[in-house]
Amino acid sequence: MISLGQLGKTAGIIIGAAAGIAGVGAVAALRRPLPRTSGTLPLPGLQAPVKVIRDRWGVPHIYAAGNDDLFMAQGYVHAQDRLWQMEFQRRAASGQLAEVFGAVALDSDRFVRVLGFRRVAEREVDTLDEETRRLVEAYVRGVNAFIEQHAGNLPIEFTVLRLRPRPWTVADVLVWGRMMALQLSRNWREELVRARLIATLGAERAATLMPHYPDDHPIIVPPGIQYTPTMGQSAMERADATSRFFPDGGGQGSNSWAVAAHRAIGGGRCSPVIRTWRLRCPHSGMKII
């Protein structure tokens, strides 16, 4: 007969072992999709081998014989590092978040679909010049190659959501530019606040509270508009419905991609802030063929 003390001890050992196994499994699940940063990887469609070297901050530096190979490799590496972010962003800009997250995303999807970002992007594909379209298509091939090669090893978010990403298209690349334009115009709230100040205090007194804007610079609001203390109120209230997915806060920055060191600020210095293709602080390397 086993004593209660022994039973408790045995149960504790079993529970502890199970927790340890679960912990190891969780760590393995999180680490499994991490990008491969050394060795050689196949990428059908390249015209010549491409070298990808990551510096000590993990920033990839891509060396290719031509632009087509460069952009194809960039698509592959981009998907290595950011596939879930890319998936979320193309869905956000296309009004397709509710397909994954349900009713909580309906307001933001309606907002984006009314603006028509996806419709604009699909029409924009036909307006691209030949070289630009060729390079974007090369980038898309790189993204899709990564998805095909890692169908069973995608980032953890796809596993949790039981989501299989559809193949990327040129329109998927272009649509995010429309969303960026919206984000970069998020100072519309401040513009309404200034208009209300003018309506309440008068243009002369309100001007003393604002930085001077040069007289010869362009303006958005046409002459003759009548300001009121409540103008834009309904628009500001409706915007709150989208704040869950499109916060209006600051602190955002560029990803600092560059295709040549001479086109990037900083002259090729390898630092946490300025990132260029010129390599001066190598860490690990990978060859794509």
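A residue is called buried when its relative accessible area is under 20%, exposed when it is over 50%, and partly exposed in between, using a 1.4 Å probe and protein chains only. The structure is a predicted model, in which local features need pLDDT of at least 70 and side-chain atom pairs count only at pLDDT 80 or more, while totals for chains, interfaces and linings use all residues. Residues are numbered from 1 along each chain as its sequence is written, and side-chain values use heavy atoms, with hydrogens and water left out.

The protein has 11 helices and four strands, taken as DSSP runs (H or I of at least four residues for helices, E of at least two for strands) and numbered from the N terminus. Of its 289 residues, 34% are buried. Contact here means heavy atoms within 4.5 Å; among contacts between residues at least 6 apart in sequence, 71% join residues at least 24 apart.

A nonpolar core is a set of buried Ala, Val, Leu, Ile, Met, Phe, Trp, Tyr and Cys residues joined through side-chain atoms within 4.5 Å. The largest such core holds 39 residues, and Ile62, Leu83 and Val143 touch the most other members. Two or more residues come from each of strand E2 (50–55) and helices H2 (67–94), H5 (117–125), H6 (130–149) and H8 (170–184). The most, 10 residues, are given by H2. Beyond its neighbours within four places in sequence, Leu83 is in contact with His78, Phe146, Ile147, Leu154, Pro155 and Phe158.

Next come the helix pairs. Two packed helices are described by the angle between their axes and the distance between the axes. Axes are lines fitted to C-alpha atoms, for helices over the stretch in contact, and angles run from 0 to 180 degrees between N-to-C directions. The axes of H2 and H6 come within 7 Å and cross at roughly 50°. H2 is therefore oblique to H6, given that angles under 35 degrees count as roughly parallel, over 145 as roughly antiparallel, 65 to 115 as roughly perpendicular and the rest as oblique. The residues in contact include Phe71, Ala79 and Leu83 of H2, and Leu135, Val143 and Phe146 of H6. By class, this contact has 13 nonpolar, seven polar and four charged residues; Ala, Val, Leu, Ile, Met, Phe, Trp, Tyr, Cys and Pro count as nonpolar, Asp, Glu, Lys and Arg as charged, and the others, Gly among them, as polar.

Asp68, in helix H2, counts as buried because its relative accessibility is 18%. Leaving out residues up to four places away in sequence, Asp68 touches Gln47, Arg134, Leu135 and Ala138. Leu135 lies in helix H6 and is buried, with a relative accessible area of 11%.

One backbone detail remains. Most residues other than glycine have a negative phi. Arg162, however, has a positive phi of about 55° although it is not a glycine. Arg162 sits in the loop between helix H7 (156–161) and H8, and counts as exposed because its relative accessibility is 82%.
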